[in-house]
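Hi everyone, thanks for coming. Have a look at the screen, and then I'll talk you through the charged pairs.

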Amino acid sequence: MASNQDDTHDASGSRNNVENEIKQGLTVTKSIIRARDKGEKFEVHWSAEDQLIEPNGSMLASYIGFLVRQHIPITCDNWRSPELKVSKEKIWSEIQRSFHIDESRQKYCIQLAGKRLRGFRSFLSNKFLKDGEGKFVEAERPMKYAEIISAEKWDNFVAKRRNEKFHEVSDKNRKRASKPAYPYKKGRTGYARLQQRILAEEKSDATSLPEHVLWKAARVGKDGAVVEAVQNVYDECVLLLMGGWTS
C-alpha cells in the first residue's frame, strides 16, 4: 500500500515544495562543500526497505536535486537517453565525493535525480508558463534561475510547450492529478523518513510500521484530520487483517 520508493511526491511541481527544495539545496550544498574542503564525508543511512532516512537522508536528497539542476538541461524529455550517460556519471561521482555510499545505491540516486528534474520542469511550466486557468502563456526567462537556465535552453523549453500535442498530454495529466482519491499530505517527506519520524516520536523499538498504518499517516493533514475516504480504506485493511488472524 505504501510506496516502496521514497521521495515519490516531487514530480507534480508544487510551487512551494519545489521553491523550498531549491533554497534548501543551495544551503545544503554550501555545507557539503565546506565539509569536503575539510576532507569530511557524510554517512548515509537506509531503512529496512532500502530507502533514505535520517541522519543525512534529506541532505542527500536535496543535494541530488541541486546536482541534477546543474548538470541536466530542462529541455531533457527522455531520462533514459544515452546522451545523459556522462551527466549522470558526473552526478554520481559528485555524490560519492561527499557521502559514504555504496555502489549498489547508484540506481536509487539516479532515479531520485530523475524525479527531481521532472519536479523542476513541472514547476517552471506551472509557475511561469501557465495562467490561473492552466492555459499556456508566453514568459521571459526567469532571471532568478539564470545561472542554471541559459536563454537558449529556456527558448527551447518554451517552444516545446507551445506544441499542441504537448498541451493535450499536459491537460490529461493535470486533470488526472488534480483530484487524487487519497492525496498524500506530507510534501517532500517520503514514506521512509515519515516512518522513521513516527517511530522516533513513539520511542518505538520497531523498525517499521504496518503498511496500512503508514499509508494513513501519510494522508493526515496538518490539522490532524483524516478524510472519510482514507479512514474507510484504513478500516477495511484492519478488518482484512483481523480476518487473517482469526482464520
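So, there are 13 salt bridges in this structure. By that I mean a side-chain nitrogen of Lys or Arg within 4 Å of a carboxyl oxygen of Asp or Glu. Keep in mind that this is a predicted model, where local features need pLDDT of at least 70 and side-chain atom pairs count only at pLDDT 80 or more, while totals for chains, interfaces and linings use all residues. Residues are numbered from 1 along each chain as its sequence is written, and side-chain values use heavy atoms, with hydrogens and water left out.

Let's take Arg121 and Asp77, a salt bridge with the closest N and O atoms 3.0 Å apart. What does this pair tie together? Arg121 sits in helix H4 (residues 106-128) and Asp77 in the loop between helix H2 (57-71) and helix H3 (85-98), so the bridge joins parts that are 44 residues apart in sequence.

Is Arg121 buried or exposed? Arg121 is buried, at 13% relative accessibility, whereas Asp77 is exposed at 51%. The cut-offs: buried is under 20% relative accessible area, exposed is over 50%, and partly exposed is in between, using a 1.4 Å probe and protein chains only.

Now over to helix H3. Lys85 and Glu89 both lie there, four residues apart, about one turn of the helix, and their side chains meet in a salt bridge at 2.5 Å, N to O. Lys85 is exposed at 52%, and Glu89 is partly exposed at 40%.

Further along, Lys90 bridges to Glu94, with the closest N and O atoms 3.2 Å apart. These two are also four residues apart in helix H3, about one helical turn. Here Lys90 is partly exposed at 36%, but Glu94 is buried at 9%.

Last thing, confidence. The protein chain averages a pLDDT (the predictor's confidence in each residue, from 0 to 100) of 87, and 87% of the residues score at least 70. Where is confidence lowest in the protein chain? That's helix H6 (residues 164-178), at a mean of 65, while strand E4 (residues 99-100) is highest at 98. Where pLDDT is low, the predicted coordinates should not be read in detail.
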